[in-house]
Amino acid sequence: MADRRPAAQATDRLAFLLTLVPWLIDQGRVSVAATAAHFGVPVDEIRRAVQLIAVSGVPGETRQYQHGDLFDIAWDDFEQHDVVQLTNLVAIDDAPRFSAREAAALIAGLQYLSALPEHADRAAVATLMGKLSRGASAAPSQVAIGAGEQDEVLDLVHRAVEGGVQLEFDYSGLRGQVERRRVDPLRVESVDADWYLRGWDHLREAVRTFRLDRIARPALTDAPVDHRTSDVALPDELFQGTPDDVLVTVELDAAAAPLLADYEPTDAEPVPGDRVRLRLRVTRLGTVARLVAGLPGDPEVVAPAAARAAVRDWALGGLQGA
Amino acid sequence: MPAARTPRVPVEERLFSLVLALLATDHGLTKGEILSTVQGYRQRWSSAGDNVALERQFERDKDDIRELGVPLETIDDPAAAGNNQALRYRIPRGAYELPDDISFSSEETALLTLAAMVWREGTLSGESRRALVKLRGLGGTDSVPELAYAPRVRSRDAAFEPLRTALDRGVVVEFDYLKPGDDSPRRRVVAPYALVQHQGRWMVAAVEPDTGRSKTFLLSRVTGPVRLTARTAERPDDLTASSALAELDRLWAERRAVVRVAPGSDAETRLTKRRGSVPADDAGLEVHYVDLHVLAEELASFGPEVAVRRPDELRELVARRLRRVATAHEGSPRG
């Protein structure tokens, strides 16, 4: 009866147990509620973890897990007052190290943050990276993010969030028109080289995503924000489909098809000559023209005819200017 | 007492008991001792003999525990070299515990919390979350400042995870790579030494084991699955993520092209804000790049919004690409 590989949750729960024990030792006596709040997990999970710790230990000399070989807790306090106090300790005194991968994830995250104006304190970041490396069980893997351009808009977004005020800016929308927008900033995200501001748009009265490089003349306002990260559910996708979306069928070399992953293609269908056909949802035909003109793998828009024409005109226009 | 304790012991209880037992021993425990005495194994251990499934379970558990950064050590018995059953296992306390002098202020904890939130998908986000739990375990009960907004980065290239695993294991990988400018992908066999994001693009820096040359590959151009081989390769000391980034920065600073952009166009907005872009003579814009073919693709996508001034090779690449696209979209579809 070979066991299935433990789910990721089992190792996550182990990491939690190994972390919880030394923390509880340091606290002495602490309520389940305070523990749950500190680690940001449900109270039930804390109770389960404490119950497991209380019956765990080492085989000991008798190899029978005798009473003194096990952790123990003040059971009455736990059962009657929902309070935890370890009364017998086994094997663990101190907090565990970070794994090499955990440290690497935090270090790469720090490098990314240090490219942002508000976290540009390089000395503080370097100190932290040193601590993480020393606190890891092996050398952190080599993952790094290069510095980007320090952006004036990012700086203003940060100041708007800090001051709790709305941000306003000129935005060139999808159809080329420029509008003055007022936004409650919620989050900044980047996908590859492209930066986006997600926020509550007072003009559209909805959550909208703005490309940072299409934002012009940004300014702080005096108006306080109406919406905060804590009360708006941000969908995972940057952009939501709209009824005006056009479905476009594109054919290209199968090897290049993964490059379209960002456009959430559907119905990939093999075509002779190691090519595939897939359908993309786009907001307007101009998007397809830009996409296809820059894509490797000999892409061809098959349908609709209007999209084919848009691509051809776009390319011919480019040739005229050259 | 607990012999009667059936049914199965939960996975985390078995793993927790294994860590406790191996931390508590100075001289180490043999596999036989572990399987016959440690909670979660002993219930399934047969003194009569066949413990093959249980031994396999133990091997997997060791891997899982090591993944968490727990330094599970194997000690060879010099008197019985090569005898698998005589190997002893333990977790040395010094390598397990966080050094005493490492602590984090509440400002540092806040910054690390933000750093962990940077990763919005993939295993980096899972590992960050686990690191945060460990970090919380170091703190008192005082609260960590609430974060008003968090910048996020996506690492969605399919090649990212397998390459990261290859980095950790120090092994050679194989993948199909569609080199910018080429028409078809070619098989690459390389030893990765760093994953870096440069100007928004994820790349893997790697050494070709046969030639010893260092190269960078765009993750978005890895067209098939990444296969990890059993062949190991030491990372040369001078090749790091920072050295890879520095080399890319050097190329970026050195390589420049001049284009004209249509006023008010998307191309103008984007190319002007590109790192290092400066106005050039005759209303031109000087832009930097690492790979001429990648730049040609980027510029071609701007269509009529951009005209290349120099170098000539770039102008020709863009024009050739646009001619090909225009031809492919004449009349009815060829399919």
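Visitor: Into which domains is chain B divided?
Guide: Chain B is split into domain 1 (2-96), domain 2 (100-155), domain 3 (160-243) and domain 4 (255-328), with bounds that come from an automatic or database domain assignment. This is a predicted model, in which local features need pLDDT of at least 70, side-chain atom pairs count only at pLDDT 80 or more, and totals for chains, interfaces and linings use all residues. Residues are numbered from 1 along each chain as its sequence is written, while chains are lettered from A and ligands numbered from 1 in the order in which they are written.

Visitor: And how far apart are the centres of domain 3 and domain 4 in chain B?
Guide: Taken over C-alpha atoms, the centres of domain 3 of chain B and domain 4 of chain B lie 28 Å apart.

Visitor: OK, chain A then: what are its domains?
Guide: Chain A is divided into domain 1 (8-88), domain 2 (98-150), domain 3 (152-231) and domain 4 (246-321), and the C-alpha centres of domain 2 of chain A and domain 4 of chain A are separated by 39 Å.

Visitor: How many helices and strands does chain A have?
Guide: Chain A has nine helices and 14 strands, where helices (H or I, at least four residues) and strands (E, at least two) are DSSP runs numbered from the N terminus. Of its 322 residues, 40% are buried, a residue being buried if 20 or more other C-beta atoms, placed from the backbone, lie within 10 Å of its own, exposed if 12 or fewer do, and partly exposed in between.

Visitor: How many residues does each chain bring to the contact?
Guide: Chain B gives 107 residues and chain A gives 105 residues, with two residues counted as in contact if their C-beta atoms, placed from the backbone, lie within 7 Å. The side of chain B that touches chain A divides into 57 nonpolar, 23 polar and 27 charged residues; here Ala, Val, Leu, Ile, Met, Phe, Trp, Tyr, Cys and Pro count as nonpolar, Asp, Glu, Lys and Arg as charged, and the others, Gly among them, as polar.

Visitor: Which residues does B:Ala24 touch?
Guide: Leaving out residues up to four places away in sequence, B:Ala24 touches A:Val58, A:Val90 and A:Ala91. B:Ala24 lies in helix H1 (residues 11-24) of chain B and is partly exposed, with 19 other C-beta atoms within 10 Å.

Visitor: Switching to strands, which way do S5 and S9 of chain B run?
Guide: Strand S5 (residues 171-177) and strand S9 (residues 227-232) of chain B run antiparallel and are joined by three bridges; strands are said to pair if DSSP finds at least two bridges between them. B:Glu174 has B:Arg227 of S9(B) as its bridge partner. S5(B) also pairs with strand S6 (residues 186-198) of chain B, in the antiparallel sense and over five bridges, and B:Phe175 stands opposite B:Arg188 in S6(B).

Visitor: What joins S6(B) to S5 of chain A?
Guide: Three bridges join S6(B) to strand S5 (residues 143-145) of chain A, and these two strands run parallel. The bridge partner of A:Val143 is B:Leu195 in S6(B).

Visitor: Back to helices: which residues of H8(B) are buried?
Guide: B:Ala241, B:Ala244, B:Leu245 and B:Leu248 are buried in H8(B), and seen down the axis of H8(B) they fall within an arc of 95°, so they line one face of the helix; the arc is that of the directions from the helix axis to the C-beta atoms. On the other side of H8(B), the exposed residues are B:Ala246, B:Arg250, B:Ala253 and B:Glu254.

Visitor: What covers the buried residues of H8(B)?
Guide: The cover includes S5 of chain A together with S6, strand S7 (201-207) and strand S8 (214-218) of chain B.

Visitor: And in H6(A), which residues are buried?
Guide: In H6(A), A:Leu128, A:Lys131 and A:Leu132 are buried, and they fall within an arc of 100° seen down the axis of H6(A), so they line one face of the helix. An α-helix has 3.6 residues a turn, so residues three or four places apart point the same way. Among the elements covering the buried residues of H6(A) are helix H5 (100-114) of chain A and helix H5 (106-117) of chain B, whereas A:Arg122, A:Ala123, A:Ala126, A:Thr127 and A:Gly130 are exposed on the other side of H6(A).
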